[in-house]
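Let's take a look at how the pieces of this model pack against one another. Grab a viewer and follow along.

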Amino acid sequence: MPVLCSAKCGNNAILKRPKTGDALCKECFYWAFETEIHNTIDNGKLFKSGDKVAIGASGGKDSTVLAYVLKLLNERYNYGLQLFLLSIDEGITGYRDDSLETVKQNRDDYEMPLKILSYEELYGWTMDSIVAQIGRKNNCTFCGVFRRQALDRGAALLGVDCIATGHNADDIAETVLMNVLRGDIARLQRCTSAITSGEGSITRCKPLKYTYEKEIVMYAYFKRLVYFSTECVFAPNAYRGHARAYLKDLEKIRPSAIIDIIHSGERLQAKGTIKMPERRNCSRCGFVSSCEVCKACVLLEGLNRGMPKLGIGKSSKVRLQQAEVNRLKTRINF
Amino acid sequence: MSSGDDGLHVIIEFGGGAELLFDKQKRHVVNLPADREWTLKLLLFWIRDNLLKERPELFLQGDTVRPGILVLVNDADWELLGQGEYRLQKGDTILFISTLHGG
Ligand SMILES: [Zn+2]
Ligand SMILES: [Zn+2]
């Protein structure tokens, strides 16, 4: 009745690998899982010896597994890394409070220094206070935009060389699909790279890029790693979007679909003649931005001026007006 | 809860956020009626009708679990065991883990 491990070690299999269809026992699964992450790190040259690396830690499954595995591989292969945990406290009572407890557990279990940076310190607003101001309609926009920059700022405070995030293969395949649907060539080219760096912004890397969500959850389960899994109190029904549901349906029919989509994304190249949007620095806060003023600063200005709709939605009137003003300015100048 | 030895005793567990659909209760010891041969597929419908507290579409899709929910029987992936066709045995522990929560 029990299925034997495909590695012919004689043990009973406990999992069917989605990527390969192999049936593996616990020990062979651990080895395959960890070795693949090591190969991603090694082939992509994600780290250099002596690097200080901040792990973006949310208390969720991905970052918990990432912290555990990076510690293990750092010792196994002598990467020579100094590892830190970096957490962002959005200020959501009853959600982040609990997940930060999980991160503190990670800190103790993995003996890594932890830095918690709050939206309140960074922006003067907690998500609770933002929701009190704007209601629950667009709060995910604020939260997402603020979080991205918060990690960069935290990394600068810690003086690290690189931020490692827990994005897994499912996340990346989802992003590829979204960027194809949006026709966003610039992001499409960037989103599959395991490592991204640019002037003025800190290097980011994704060691779990080729790691399936299913295996991350199975690994955490069998290793008894404690992670936090609940819904954000402000978006309890959100789960994930349509692209995610579509991807999960594809995976059911053909489990290799996820890795196939990532490989396709990696091979898509825009012709050299296509003009890419230039990346520059926000004139207010100095962080990388595709516009004169970055989205975080626009949202913040809206909040502080009591006009929280500022900067929300691509077709918002505010933005159209802004575009009109810019067009007039250009005419006057030339 | 139990009513003698005539039923099929199994343990049903939820984790990874799936427990949120079941009043946050992670472990359920149940006694299934002895009137039929129980497969995992039948168990899914039984769970929907007897344990599930809200939003069945987040647990089931058609006659199987929603993609993204992992199923383990006695700590083995149900994909190794024939999934819905697996015949439940006395004392089995069936665990459902959501992969869809948090990150
Ligand atoms: Zn084995
Ligand atoms: Zn800015």
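## Ground rules

This is a predicted model, so to speak of local features a pLDDT of at least 70 is needed, side-chain atom pairs count only at pLDDT 80 or more, and totals for chains, interfaces and linings use all residues. Residues are numbered from 1 along each chain as its sequence is written, chains are lettered from A and ligands numbered from 1 in the order in which they are written, and side-chain values use heavy atoms, with hydrogens and water left out.

## Two domains in chain A

Chain A splits into domain 1 (39-270) and domain 2 (294-334); the bounds come from an automatic or database domain assignment. Eleven residues of domain 1 of chain A touch eleven residues of domain 2 of chain A, where contact means heavy atoms within 4.5 Å. Together the two domains of chain A bury about 1,000 Å², 77% of it on carbon and sulfur atoms. Buried area here is the accessible area (1.4 Å probe) that two parts lose on being put together, summed over both. On the domain 1 side, A:W125, A:F142 and A:V145 lose the most area to domain 2 of chain A, together 40% of what that side buries.

## Chain B against chain A

This contact draws on 27 residues from chain B and 30 residues from chain A. The two chains bury about 2,500 Å² between them, with 59% of it on carbon and sulfur atoms.

Two salt bridges link chain B and chain A. One pairing is A:K214 with B:D77, whose closest N and O atoms are 2.7 Å apart. Chain B and chain A also share seven residue pairs in polar contact (both at pLDDT 80 or more).

How values were computed. Salt bridge = Lys/Arg side-chain N within 4 Å of Asp/Glu carboxyl O. Polar contact = N/O pair within 3.5 Å; in protein donor to acceptor, adjacent residues only side chain to side chain.
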